[in-house]
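I am keeping these notes for someone who opens this structure for the first time.

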Amino acid sequence: MKKTDVVALGELLIDFTGSGVSPQGNPVMEANPGGAPCNVLSMLTKLGHSTAFIGKVGDDMFGRNLRDALVEVGVGTDGLIMDKDYNTTLAFVHTYENGDRDFSFYRDPGADMMLRKEEIDTDLIRGCKVFHYGSLSMTDDDCFIATKEAIRIAKEAGAIISFDPNLRPPLWKDNLDLAKERISYGIGQCDVLKISDNEITWFTGTDSYDEGVEYLKEKYPDLKLILVSCGPDGSMAFLGDKKVSVPALRNPNTIETTGAGDTFCACVLHHILEKNGFDFDEGELKDMLTFANAAASIVTTRKGALRVMPKSAEVEEYMRRSGR
């Protein structure tokens, strides 16, 4: 019997987001716990799933705060390592008026990129139903080797494999050829691919999402489900010969988009766990996307992500009020 619904490996960091201006005229930054894999796990716990995280933070003030945040939201921390030699990674997020973001990272090195193969909690991976990862654990050799080993163990144990590239160009030190190579590896290993509109355009070289998905299907024939998230333009799901598109629920109270894609990804994994596989008809795919879009829309009205994920009842009420 599998002990944990979803295990994720990757980064756990502090997102510093703007919170006004001080009386002296200086920008005030709020230290929000974040990191895409942990945002995914946090949402899954709100939807009733058991989760656990594998990764590394510094044994410093920020790292301890992050560990406490995971405990607070119910994410298992047995696979979390507190490193005395490297500091916790910090990200400073600048949000533009249209909701787009720009990131400045303090990670040279950060503790998350120093995870080594021998430090992975293999029992956690062998005991999960779904294993999820992103590309930030692929930017440097040690953590890439650790990620590959974790994927190997998860596949061997029969877990569903989920990947969200979550491309952050500054972390690849302008070597986007290496980014493409390692993201290609990540796509080649997964059953479920959640990819954003700008990522699929960058990776496949076409502005047509349909053509991009066909390229992915041909190059990676083992892909089962492809999700394309398009922010305010909604989302699409491609499963076999099925294609479903659902418009976004645009919220006038949106303040930032941090964590929206992670929330969306978690909701998709939730439906896969509920279905115990990929036997979705088009109506069920539409319901899945509608729920995922609604949850992501709610998160855009809140600062941070990890601590502010909505429960299922809140998402369903929001859908009802929105006529979905």
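**Entry on the cavity.** I asked which element gives the largest share of the lining of the largest cavity, and I found that this share, three residues, comes from α1. I note that I am working from a predicted model. I then looked up how many cavities of 30 Å³ or more the structure holds, and the count is one, while the volume of the largest cavity is about 30 Å³. I listed its lining as Ala-36, Pro-37, Val-40, His-132, Gly-134, Asp-164, Asn-166 and Asp-262. The elements that give two or more residues to this lining are α1, which spans 36-46, and β8, which spans 128-134. Sorting the lining by class, I wrote down three nonpolar, three polar and two charged residues.

**Entry on the helix pair.** Next I turned to helix α9, residues 282-299, and helix α10, residues 312-321, whose axes come within 9 Å and cross at roughly 100°. An angle from 65 to 115 degrees counts as roughly perpendicular, and α9 and α10 are therefore roughly perpendicular to each other. I then looked up which residues make the contact: from α9 they are Thr-290, Phe-291, Ala-294, Ala-295, Ser-297 and Ile-298, and from α10 they are Ser-312, Glu-314, Val-315, Glu-316, Tyr-318 and Met-319. By class, I recorded seven nonpolar, three polar and two charged residues in the contact of α9 with α10.

Definitions and conventions
Residues numbered from 1 in each chain as written. Predicted model: local features only at pLDDT ≥ 70, side-chain atom pairs only at ≥ 80, totals over all residues. Heavy atoms only, no water. 1 Å grid on protein atoms, 1.4 Å probe; cavity = no way out; pocket = protein on both sides within 12 Å on 5 of 7 lines; lining within 4 Å. Points joined across faces, edges and corners; volume = space filled by probe spheres on them. Helix = DSSP H or I, 4+ residues; strand = E, 2+ residues; numbered from the N terminus. Nonpolar A, V, L, I, M, F, W, Y, C, P; charged D, E, K, R; others polar. Axes fitted to C-alpha atoms, helices over the stretch in contact; angles between N-to-C directions. Parallel < 35°, antiparallel > 145°, perpendicular 65-115°, else oblique. Contact = heavy atoms within 4.5 Å.
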